[in-house]
Amino acid sequence: MSSSGIRLLIVDDEEMIRLNLETYFEDEGYEVYAFQNAEEALEFLKGKLEFQVGIIDLRLPGLDGNALILKARELQPGMKFLIYTGSTNYSIPQVLIDMGISREQVFIKPVADMDILSRAISGLLE
Amino acid sequence: MQDDSSVPVPWQLFTFFGAFAFINLAMVLYIFHLGNLIVGHHVPQVDAVMAAKYQAAEAHLWLEEFLKGDVKESPKNILPRMHKVSAYLKGLIEGGSTPIGDFHSADLPDLKKTLRDTQEKFSQLKDLLNKRLVEKESAGIGTDLEQKFDLMFRDFIQEIDKVKNLLLVAIEEDISSFRRIQGIAFIISFLLFFIAGVLFFQYERNKAANLISIQKEKKRAETNEKWLATCMKCMGDGLIITDPEGSVTYLNPVAETLTGWSMKDACEKPITEVFNIINEDSRKPVESPVEKVIREKKVVGLANHTILIAKGNEREYAISDSGAPILDEGEEILGVVLVFHDVSKTRELEREIASTKRYLENVVDSMPSVLVGVNPECNVTQWNLEAQKNTGISQAEALGRPLSEVMPEFSLGVNKVKEAISKKEARKIMKMPLKINGDKHFSDVMVYPLVTNGIEGAVVRIDDVTDKVRLEEMMIQTEKMLSVGGLAAGMAHEINNPLGGIIQGTQNVIRRLSPEIQGNSEVAEECGTTLTNIRAYMEKRKILKFLEGIRESGNRAAKIISNMLHFSRKSESNMAPHSLSRLIDSTIELAASDYDLKKKYDFKHIEIERDYDEGLEQVPCIETEMEQVILNFLKNSAHAISEKKDPEMKPKIIIRTRLEKEMARIEVEDNGCGIDAENCRRVFDPFFTTKEVGIGTGLGLSVAYFIITTNFNGNVEVESQKGEGTKFIMRIPLKRSQV
């Protein structure tokens, strides 16, 4: 599976998480853009670059992950998402379910091995 | 009783008066006899002597005349007179009937002798007289003979006077003895009369006294009679008197009311007609007590539950009665007295009491608690249905026996019972372990002393609180887990982020040292070294190993957090029916391939026996959670088996499923080291583990417990014998409605 040419959006307010994800996926050959909040990310999505996938943290300063996904989809309708959250009792809001987001796209921090996320992305893009 | 004014004349009185009359008569006769004796004995004798003297004198005179020559006179006038004298004398001496009258012979000796002398003189005189007569023929007067005769005659007269005087003296004596006798008779008579008077007085007095006492007696009898009559009339009991044949002779007013018969109608009627009684239950006639009394001649009581039917079947009365014979001194029956009274109210009360008793017994029996009554000696006085059920001892068997005997496992409680009775205070024993039908149960025991109405003892109430205790334990367990869960939930996010930093950072570090990642070599060369050199250094300094360690430790921490989070998460309602046997099979497969299991325990060598109930198929659960539960139990069993260092033992785990009253029962049984009682209680506690540090988290069984109790609404128990093995039993309701 080739990951080249896949543009990945990472939004997480925790720097270490952001950096780790960025590093890993870059090493995996993705074209990664990482942001620390939803607003900056949305601003970037309004640009010319087309993203295939986003890994979104839920608890963010300002707009939260759910809102970010909704808006990002509006901006880039072809984009897929993984939700990567520390909230263990998270349940997917109906609007996101309606968008086609399922439990398989939700990952609770921390995943022991980031390969899991990488595999999930591959699965989503197939 | 009729001739009560006369007193019987005492026989002494009769005898006395008889004797009195007889003695008096005898005395009168004797006096009469004496008089008679005087008049008819000595007096005629005197007459006869005088007559003899007269005749002799006359004969003398005539003789002298004749001799003087008075020829006119013949000896014929003289001799007869002499004969007469001789006859008198003879009569006087010999007695008997003489021509001159009847004489008694001379009874006095003097008299007799004198008479004989007189007779002698007279005979000589007669001879002399005869001689003079003869001489007259031949000679003249004045002879010697004449003088001799005169002398003789004078002697004779003297002699005869002597007789006369003797007789007169005898008469004198007769009279004086008569007087004496008369005096004595008078005195005796007087005495007798006096005695008679005294006796008669006594008799009269007795008679009067008798009369008074008779009158008193009569009055008393009358009073008694009245008293008795009033008693019989006024008594609250019915009273019937019959004659010896059983015919009614008397009914008192109460008897009249109860039987419905008036005295007038009932008289002479047989008792069975008037006193119509039947048995209360069978309603068959009962033998009349009167007949029984007549037959047995003794007091008889009536059989219980007798009903008296009043005349005309109008009314019925429950009665109780007794009959008694009236006996005379010879034990002959004069009649029968029958006393009875209306016990309808009593009977009604009795029935009420009985029904109240039954009601109370029912209440006591319908109690879901064991209720046992005991006396101060702790002997059973009350044993309700629940007690019978729990002990298998019937009420009849239990009553009167010591409590410690019928409930041996209750011996601890017996002291409390005694204490409650002596102190008159209720006592409690909470959660007392008791075995009921061989199963371990917990009971709350309440001992209430009986303090009212002088009844001593206590009531022991035993409630099976096993379910409650289990529920409490479960709640406590759940509470523990929820608090762990709450804690976990609160800190999970805060810990997970740094953990993510550690784990993923470590992963990136390892990756960036890896020759597989394309950029690594280039960057190393840019830095004037080679990736190979860097790696060689790292290997030498064990840096890569440390990194791997950091990663693994992070992972383990993350896993603990994730497990802890189970306690906080009420699983979402994606419970669905799953085939239990299939789930178990797949879990066993999973266990066999589980890295941890493979690594730590020789799982392949454990024999796994599957014992599935075919009637049990679909069980509502969450598949993954169910798998986790079973896996956790299997891991626990595998560990327990590895702990048991017995080369002889063939390690074995039995998984059993059973359909049980709307519950699925799943058992995981091993023959491992077992758990002691102390640890049994804590086995589901979070973080409780007997494994070495670093091997168990102490969460596996807790998580299983939590999932079953909270998510599946089931329950889990553990049964274990140290050294023998352990059995976990879980029950999951088949219907989801129980939330």
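# A two-chain predicted model: overview and local details

At 40% relative accessibility, K431(B) counts as partly exposed. This residue sits in strand β12 of chain B, which spans residues 427-436. Its phi is positive, about 50 degrees, although K431(B) is not a glycine. Everything described here comes from a predicted model, so please read the values with that in mind.

## Other backbone points

For context, most residues other than glycine have a negative phi, and most peptide bonds are trans. N713(B) is another non-glycine residue with a positive phi, in this case about 60 degrees. Its place is the loop between α22 (700-711) and β20 (715-721) of chain B. With a relative accessible area of 28%, N713(B) is partly exposed. K424(B), which follows helix α13(B), also has a positive phi, near 55 degrees.

Chain A has a backbone detail of another kind: the peptide bond from K109(A) to P110(A) is cis, and its omega is near -15 degrees. You will find P110(A) in the loop that runs between β5 (106-108) and α5 (115-125) of chain A.

| Residue | Phi | Location |
|---|---|---|
| K431(B) | about 50 degrees | strand β12 (residues 427-436) |
| N713(B) | about 60 degrees | loop between α22 (700-711) and β20 (715-721) |
| K424(B) | near 55 degrees | follows α13(B) |

## The two chains

Chain A contains five helices and five strands, and along its sequence they follow the pattern β-α-β-α-β-α-β-α-β-α. Of its 126 residues, 52% are buried. Among the contacts in chain A between residues at least 6 apart in sequence, 68% join residues at least 24 apart.

Chain B holds 22 helices and 21 strands. It has 739 residues, and 39% of them count as buried. For contacts in chain B with a separation of 6 or more, residues 24 or more positions apart account for 61%. Its accessible surface comes to about 42,400 Å², and 56% of this belongs to carbon and sulfur atoms.

## Helix α13 of chain B

Helix α13(B) covers residues 411-423, which makes 13 residues. From its first C-alpha to its last it reaches 19 Å, close to the 18 Å expected at 1.5 Å a residue. Which of its residues are buried? They are G413(B), V414(B), V417(B), A420(B) and I421(B). These residues cover an arc of only 125 degrees around the axis, so they lie on the same side of α13(B). An α-helix has 3.6 residues a turn, so residues three or four places apart point the same way. On the other side of α13(B), L412(B), N415(B), S422(B) and K423(B) are exposed.

V198(B) is partly exposed, and its relative accessible area is 40%. Membership in the patch requires over 30% relative accessible area, so V198(B) passes that cut-off at 40%.

Technical notes
Residues numbered from 1 in each chain as written. Chains lettered and ligands numbered in written order. Predicted model: local features only at pLDDT ≥ 70, side-chain atom pairs only at ≥ 80, totals over all residues. Heavy atoms only, no water. Buried < 20%, exposed > 50% of the residue type's maximum accessible area, 1.4 Å probe, protein only. Helix = DSSP H or I, 4+ residues; strand = E, 2+ residues; numbered from the N terminus. Expected span 1.5 Å × (residues − 1). Arc of directions from axis to C-beta. Contact = heavy atoms within 4.5 Å. Areas by Shrake-Rupley, 256 points an atom, 1.4 Å probe, with all protein chains shown as cover.
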